[in-house]
Amino acid sequence: MSTTSVASSTGLNWTYAPAPETADPKIRSRYELFIDGRFVPPAEGQYRTILNPATAEPLTEVAEAGAADIDRAVKAARRAYEKVWSRMPGRERGKYIYRIARLLQERAREFAVAESKNGGKPIRESRDTDIPLSVAHFFYYAGWADKLNYAFPGARARPVGVCGQVIPWNFPLLMAAWKIAPALATGNTVVLKPAETTPVTSLKLAELIQEADLPPGVVNIVPGGRPTGAALVQHPGVDKIAFTGSTAVGKWIMKALAGTRKKYTLELGGKAANIIFEDAAIDQAVEGIINAIFFNQGHVCCAGSRLLVQEGVAEILITKLKQRIRTLIIGDPLDKNTDIGAINSREQLNRIESLVASGREEGAEIWQPDCPLPEKGFWYRPTLFTNVSQAHRIAQEEIFGPVLTIQTFRTPEEAIERANNTPYGLSDGVWTDKGAKIFKVTRQLRAGVIWANTFNKFDPTSPFGGYKESGMGREGGWHGLLPYVELEETA
Ligand code: NAD
């Protein structure tokens, strides 16, 4: 039996025996497209090999939807919208969504293992965050389905129609839940395109939707790459686009939709500042920093990737942070002890490596622990950069990996200016013992989500979304209903 040794911050060595999660993820050897309630082969006969990023070995093979398949899916969604779903009373729609939530809850372990095998994230993340939050989203929006008449006083909410939804690879099932649940609750039908590297849990969700006996065509799932996403965005039969992904693709979508009647929401990239004041509880802040950027390999749009530390505590904080990083366990995503899993793809690993190289070239100082990395698969060590200037690429661009830049500040005003000085505005964090300071600082930060004395906490009742180049529109909570309805005044 192999063991993992880590040095604790007290200098003691701890040894962990492997504790693998053994639930069967029930991944088929091949998946077809899910259109009109059935799994069907793609018109052009193309399949993509999906890898397990922890080994770089094939996990399954997934059909690639082409333009003809998108057309089929949109037409199926239109039929389902007009004949069944938009006419169904909200309380009946709600029952279907509750059923999806319950089935997913029953199979949570199986879905968690599938998510970790396909995405590379530690089982602790998929088991404790991705799957429970996905379930919670379906439960939450199921509850709205029969209450829409009370959600918008003085107005009647009508569904928008057929929704094209495009999602990224970092939270595959959760992003599908964020998109599908509010769309169904408000009476819309859906064509969802998962990311090219992580379609497995969306397709398992399709199986579960079949089991829940959802009317055919209400949800269609069409995996594929960029051309598939572009065909969905540009299809004239789609009434609304909901996109989560990079700012570059979000800008392309905005241009593609300019002048059309389509509604759209964009959830894009981020470069969150995590601001630590001298009066913060330092040990808690260290844990918060680790949670904000290193768990989940930094594959989080709202990750606290820029640390801003007040000068008086910078030295002690960086020392404690390095001690804590040395104890992090990197390796098998299915091991319950693992803190940092695999990088999602070779392409993403290349991007991290190239941005880290730019940091070195531009003069920032790099620190990494000398922990061993698995030989196969895609891996990256947790990385700190000090001596970072605001103009460095690593301080401006989204790295989307376990890489933290550290800058210091003297006054709250300086921290606020630095925090706001990127094109993004998705999330930020503030750590201080003083409640008044929290309010004073957070009022001036231009970010859609701000955490105080914690980080990366989510709840389906709370809206999520960004300012500036981090996107437009909100998902989650009552706000998350708005993009999926047209409001007509009743008074
Ligand atoms: P990406 O933009 O490359 O891809 C996202 C999705 O868009 C994928 O399904 C992809 O196939 C598809 N796509 C690519 N080109 C397209 C096109 N021209 N037309 C239509 N679809 C297209 O992003 P990614 O690398 O998969 O994901 C990482 C990004 O997602 C990061 O920037 C991250 O910050 C962002 N993200 C944001 C949020 C949020 O809520 N704001 C949440 C998760 C991830």
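Tutor: Buried area is the accessible area, with a 1.4 Å probe, that two parts lose on being put together, summed over both. Keep that in mind. Note too that this is a predicted model.

Student: Which domains is the protein chain divided into?

Tutor: Domain 1 covers 30-268 + 470-489, and domain 2 covers 273-459. Their centres, taken over C-alpha atoms, are separated by 30 Å.

Student: How is the size of an interface often given?

Tutor: It is often given as the accessible area lost when the parts come together. Here, about 2,400 Å² is buried between domain 1 and domain 2. Carbon and sulfur atoms give 59% of that area.

Student: Which three residues supply more than any others of the area that domain 1 buries against domain 2?

Tutor: Arg-124, Trp-169 and Ser-470. Together they supply 23% of it.

Student: How many residues are in contact between domain 1 and domain 2?

Tutor: On domain 1, 29 residues are in contact with 30 residues of domain 2.

Student: What about charges?

Tutor: Side chains of opposite charge can pair when their charged atoms come close. Between domain 1 and domain 2 the count is 2 salt bridges. Arg-124 and Asp-339 meet through their side chains in a salt bridge, at 2.9 Å from N to O.

Student: Which helices each supply at least two residues of the side of domain 1 that touches domain 2?

Tutor: Helices α3 (108-119) and α4 (123-144). The residues on that side of domain 1 divide into 12 nonpolar, 10 polar and 7 charged. Across the interface, 10 residue pairs are in polar contact.

Student: Now the ligand. Which of the 28 residues around the ligand come nearest?

Tutor: Ile-167, Glu-196, Ser-246, Leu-268 and Glu-398. Look at the polar atoms next. The side chain of Ser-246 has an N or O atom 2.6 Å from an oxygen atom of the ligand. A backbone N or O atom of Gly-245 lies 3.3 Å from a ligand oxygen atom.

Student: Which residue has a polar backbone atom 2.7 Å from a nitrogen atom of the ligand?

Tutor: That is Leu-268.

Key. Residues numbered from 1 in each chain as written. Predicted model: local features only at pLDDT ≥ 70, side-chain atom pairs only at ≥ 80, totals over all residues. Heavy atoms only, no water. Domains from an automatic or database assignment. Contact = heavy atoms within 4.5 Å. Salt bridge = Lys/Arg side-chain N within 4 Å of Asp/Glu carboxyl O. Polar contact = N/O pair within 3.5 Å; in protein donor to acceptor, adjacent residues only side chain to side chain. Helix = DSSP H or I, 4+ residues; strand = E, 2+ residues; numbered from the N terminus. Nonpolar A, V, L, I, M, F, W, Y, C, P; charged D, E, K, R; others polar. Near = heavy atom within 4 Å.
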